[in-house]
Amino acid sequence: MRQNIIIDTDPGQDDAVAILLALASPELEVLGITCVAGNVPLTKTIYNARQICELSGKIKTPIFAGCDRPMRRDLTTAEHVHGKTGLDGVTLPEPKIKIETTHAVDFIIETLRASPSKSITLCPLGPLTNIGTALKKAPDIADRVQKIVLMGGAYFEVGNITPAAEFNIYVDPEAAEIVFKSGIELIVAPLDVTHKVLTNNEWVSELKTQDNYICNVVAAWTSFFERFDTEKYGTQGAPLHDPCVIAYLIDPDLFAGRSINVEIETKSKLTRGMTVADWWGVTDRSINALFLNNVDAIGYFKLITDRLRKL
Ligand code: BDR
Ligand code: CA
């Protein structure tokens with residue numbers, strides 16, 4: 001059966017690959033793409049989402065503008081990773097498709113209220129501002145969400161924007177706290193799993209040599225964002241974070257993890273946005289997330305290539 005999903009995103013090259021993977025997959029029905037400020041400011045994430053949809057050819061996918069800043073903080077962006085546009089690496093044409101007039105938060109609320117309960121999965125790939133704001137504005141929707149599969153957080157891998165925190169959770173910890181306390185079934189793809197899906201020369205070369213423009217574009221994006229991570233981590237490739245969310249929905253058997261309690265640090269300056277994960281079960285706090293920590297990386301990259309080639 002097709003799964004109905006809403007992708008909440010701040011594209012970003014890895015968000016872009018995730019969106020393309022979803023749009024290429026018959027198992028998933030993308031009801032809408034909701035944009036949020038994150039990797040780059042909101043105007044750019046909207047522009048990038050329009051470019052990505054146009055590139056995919058699925059131009060009827062509705063795109064919504066969401067929150068332009070975190071719930072209670074100034075925006076932190078990540079141009080140092082993704083470039084000035086957020087999608088540096090290749091020049092795409094100016095997109096023609098228009099965005100919807102409804103605010104992303106209202107789209108999320110209205111769609112959940114109008115659909116059968118537990119029939120929609122939310123897929124956040126950026127800071128959780130839109131989802132946190134929707135849950136604050138309309139607490140009744142929590143019972144209607146089927147599940148949330150999100151990219152964010154870290155435990156053993158600790159942090160990538162500060163020594164203690166992963167970017168998406170760091171940017172809007174208050175929104176993350178709302179989501180992690182919502183009681184909604186949560187599947188979390190933290191750095192512990194995304195650092196196991198490092199891009200590599202063979203994969204990028206395979207994409208470059210495909211007679212398929214989308215594969216060639218993904219190769220160019222990958223080559224761009226790799227430069228930062230390869231320098232930082234001293235690895236051959238860079239983590240392809242966000243497609244983990246979509247790959248999990250398509251083939252959860254690619255992944256392994258543990259059901260645990262995860263709380264968000266919002267108070268400390270030093271550890272703001274840390275996902276405090278009770279991996280060893282040392283507290284009696286109740287389980288609220290399936291926290292992924294392992295992945296079949298070969299299967300993951302094969303899934304992405306196979307699907308992208310079909311677009
Ligand atoms: C996350 O931060 C962003 O830069 C990526 O798009 C990903 O969602 C990784 O920490
Ligand atoms: Ca992202």
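Predicted model: local features only at pLDDT ≥ 70, side-chain atom pairs only at ≥ 80, totals over all residues.
Local features need pLDDT of at least 70 and side-chain atom pairs count only at pLDDT 80 or more, while totals for chains, interfaces and linings use all residues. Residues are numbered from 1 along each chain as its sequence is written, ligands are numbered from 1 in the order in which they are written, and side-chain values use heavy atoms, without hydrogens and water.

Me: How many charged residues are in the shell around ligand 1?
Reply: The shell residues, with a heavy atom within 4 Å of the ligand, include Asp14, Asp15, Glu166 and Asp242. Asp, Glu, Lys and Arg count as charged, Ala, Val, Leu, Ile, Met, Phe, Trp, Tyr, Cys and Pro as nonpolar, and the others, Gly among them, as polar. Besides three nonpolar and five polar residues, the number of charged ones is four.

Me: What percentage of the exposed area of ligand 1 does the protein bury?
Reply: An oxygen atom of ligand 1 is 2.7 Å from a side-chain N or O atom of aspartate 14, and one is 2.8 Å from such an atom of asparagine 160. Taken alone, the ligand exposes 290 Å² (Shrake-Rupley method, 1.4 Å probe). Of this area, the protein buries 96%.

Me: Is helix α11 mostly covered or uncovered?
Reply: Helix α11, a DSSP run (H or I, at least four residues), spans residues 243-250. Its buried residues (under 20% relative accessible area, 1.4 Å probe, protein chains only) include Cys244, Tyr248 and Ile250. With eight of its eight residues buried, α11 is mostly covered.

Technical notes: Buried < 20%, exposed > 50% of the residue type's maximum accessible area, 1.4 Å probe, protein only. Helix = DSSP H or I, 4+ residues; strand = E, 2+ residues; numbered from the N terminus. Polar contact = N/O pair within 3.5 Å; in protein donor to acceptor, adjacent residues only side chain to side chain.
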